[in-house]
Amino acid sequence: MNNQASEKEKIRVRFAPSPTGYIHVGNARTALFNWLFARQNNGIFVLRVEDTDLERSREEYERNLIQDLRWLGLDWDEGPDIGGPYGPYRQSERLELYHKYAHQLLQEGKAYYCFCSQEELEREREAALAEGRMPVYSGKCRNIPLKDAEKRRSCGEPAAIRLKVPEEGIVAFYDLVRGHVEFDLKIIGDPIIVRSNGMPAYNYAVVIDDALMHITHVIRGEDHVSNTPRQILLYQAFGWPTPIFAHLSMVMGKDNTRLSKRHGATSVDQFRREGILAEALCNYLSFLGWSPPEGQEVLTLQQLVKLFDLNRVSRSAAIFDYEKLHWLNRQHIKKLSPEEKLNLALPYLEEAGLVSSPATEEQKTWLKKAVEILLEGVDKFSELPKKFELLFDFNPENLDQEAKEIIASSSARLVIKTFYQKIANLSEFNYETFARITGEIKKETGIKGRDLYHPLRVVLTARGSGLELDKFIPLLEEGARLQFPRRIIGCLERVKMMVSFLNL
RNA sequence: GCCCCUGUCGUCUAGCCCGGCCUAGGACAUCGCCCUUUCAAGGCGGCAACACGGGUUCGAAUCCCGUCGGGGGCGCCA
């Protein structure tokens, strides 16, 4: 389909995070949308690291970033780790480029040196704010001849570089998600493109990078819309074509403020640790501002690639709903094979000290069944160890409230007592035995249904709720024959412990 | 304060561009029922929204204006 000729028009998008910590789900969504757009259009997805803020960037953060993105299943065609035709892909390694183009702008008279001190600018800004105006740079240094400016600089006077912006007119652009957007130049002022410490300012570096990397579509957060006119002005100053913009709405917390730690987990890494599947997270993230045409809900990455449509992205902010994420996660967990479930579950069980590190094959066979059964209704893998307590914890002295209520009745006690008498001399127990005995009890006492099974559940689990007993008993009996760091107590022993505790 | 964006069930959203098919659809959550050896899962059903006010029109969730609410931006941060 794609011949040589169309190669030139190939769609190129980028995800350009600054490595300042773990990746936030809001940024992950931006990455995802970029990736989906690239993949469905057979385009190129580039990863670029914006590390020009020396104070905040750290090398290890870049590794985290890459790890998180990989985990999510988003791969890139060009990036700091794999290189590419338009590298380097780390802004800190592109400094010469920024200087070169700034110099060009200076020579052409499209930019100028600004000697204003930060204190001075701060004062002006505050004054403007106080008067209810947009703080716009006064243009004080605008007309200093380049020669004079260079002289001052060579004497050691620090200077930033500003872009000369026309004083009148409007900058407009068509945003793929928001439509026509325009800004009045009066409120823009001459933006700094190179700081006095020589580092490029964000609005300048992005333009250089996006242009040089031939980015065709800039898909990013809504917090960048007001930067867009400044960037467009830069493209115009260079005579470069502007990319197409698409600004995604913000991701909010329940109280309608930007999603933050206060609201719960916010980093991709955190969700991974909790045992949210990458595919479920992507699935959920894709629904933040987008919906498939036919209302499908549970989707794989591949399906998302097919269905995703930038034109269907909504413009209003979305609130992050943990409940729905969890529901989607459950749906994705269901689709996993028993082996996959076990492998995902193992680390959590090991960490909880339930399983010793390399589990034996025998243990694994059993664990696979246990995980399969206990995973039902679990939101995320981190909840699994607690579910396993049903098997590993048995303490008659520590009955929950529900259990206490169940065994309080005389009929419950009768059931328990009868049950105990019938198993007292058994050396083996299995579900068939259980079924036979409960049948007998039913016949002898007339007790049936909940009144019959509930008390027995309490006897066997010390809990008022748990698994269906036909699943529980075989699982427990089999597990009790295996060696685990914490021993699993079998049914017969449990009954004896409970009866002696209850003094029946 | 100024600039930009935005406003459909509690939440994510469909519908809006190309007015009537909308007594506004779906999903999560919630409630109820069924199933069942509790819970869960599953099945079925219920509650629940066009922010407000003006226009335009035979007719508006859909078009226009205003109000109000929410968000973002206003850096030598990214």
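Trainee: Which polar backbone atom is 2.7 Å from a base nitrogen of RNA strand B?

Mentor: Before the case, some ground rules: this is a predicted model, in which local features need pLDDT of at least 70, side-chain atom pairs count only at pLDDT 80 or more, and totals for chains, interfaces and linings use all residues. Residues are numbered from 1 along each chain as its sequence is written, chains are lettered from A and ligands numbered from 1 in the order in which they are written, and side-chain values use heavy atoms, with hydrogens and water left out. A polar contact is a pair of N or O atoms within 3.5 Å; within protein, one must be able to donate a hydrogen and the other to accept it, and residues adjacent in sequence count only if both atoms are side-chain atoms. Here the backbone atom belongs to Cys 116.

Trainee: Which elements give two or more residues to the surface near RNA strand B?

Mentor: Helices (H or I, at least four residues) and strands (E, at least two) are DSSP runs, numbered from the N terminus. The elements are α5 (118-130), β6 (179-184), β11 (318-319), α12 (322-334) and α19 (449-461), and the largest share, five residues, comes from α12.

Trainee: How many residues surround RNA strand B, and how many of them are nonpolar, polar and charged?

Mentor: A residue is near a strand if one of its heavy atoms lies within 4 Å of it. There are 65 such residues, the closest being Arg 195, Ser 226, Tyr 431, Gly 466 and Leu 467. By class, the surface has 24 nonpolar residues (Ala, Val, Leu, Ile, Met, Phe, Trp, Tyr, Cys and Pro), 23 charged (Asp, Glu, Lys and Arg) and 18 polar (the others, Gly among them).

Trainee: Which residues of helix α18 are buried?

Mentor: An α-helix has 3.6 residues a turn, so residues three or four places apart point the same way. Buried means under 20% relative accessible area, exposed over 50%, and partly exposed in between (1.4 Å probe, protein chains only). In α18 the buried residues are Thr 433, Phe 434, Ile 437, Thr 438 and Ile 441. Seen down the axis of α18, they fall within an arc of 125 degrees (taken from the directions from the helix axis to the C-beta atoms), so they line one face of the helix. The face turned away from that buried side carries the exposed residues Glu 432 and Lys 443.

Trainee: Which residues other than glycine have a positive phi, for instance near 65 degrees or about 60 degrees?

Mentor: Ala 462 has the phi near 65 degrees; this residue is found in the loop between α19 and α20 (469-480), and is buried, with a relative accessible area of 4%. Asn 42 has the phi of about 60 degrees; Asn 42 is found in the loop between α2 (25-40) and β2 (44-47), and is partly exposed at 47%.

Trainee: Where is the peptide bond that is cis?

Mentor: The cis bond runs from Gly 87 to Pro 88, with omega near -5 degrees, and Pro 88 is found in the loop between α3 and α4.
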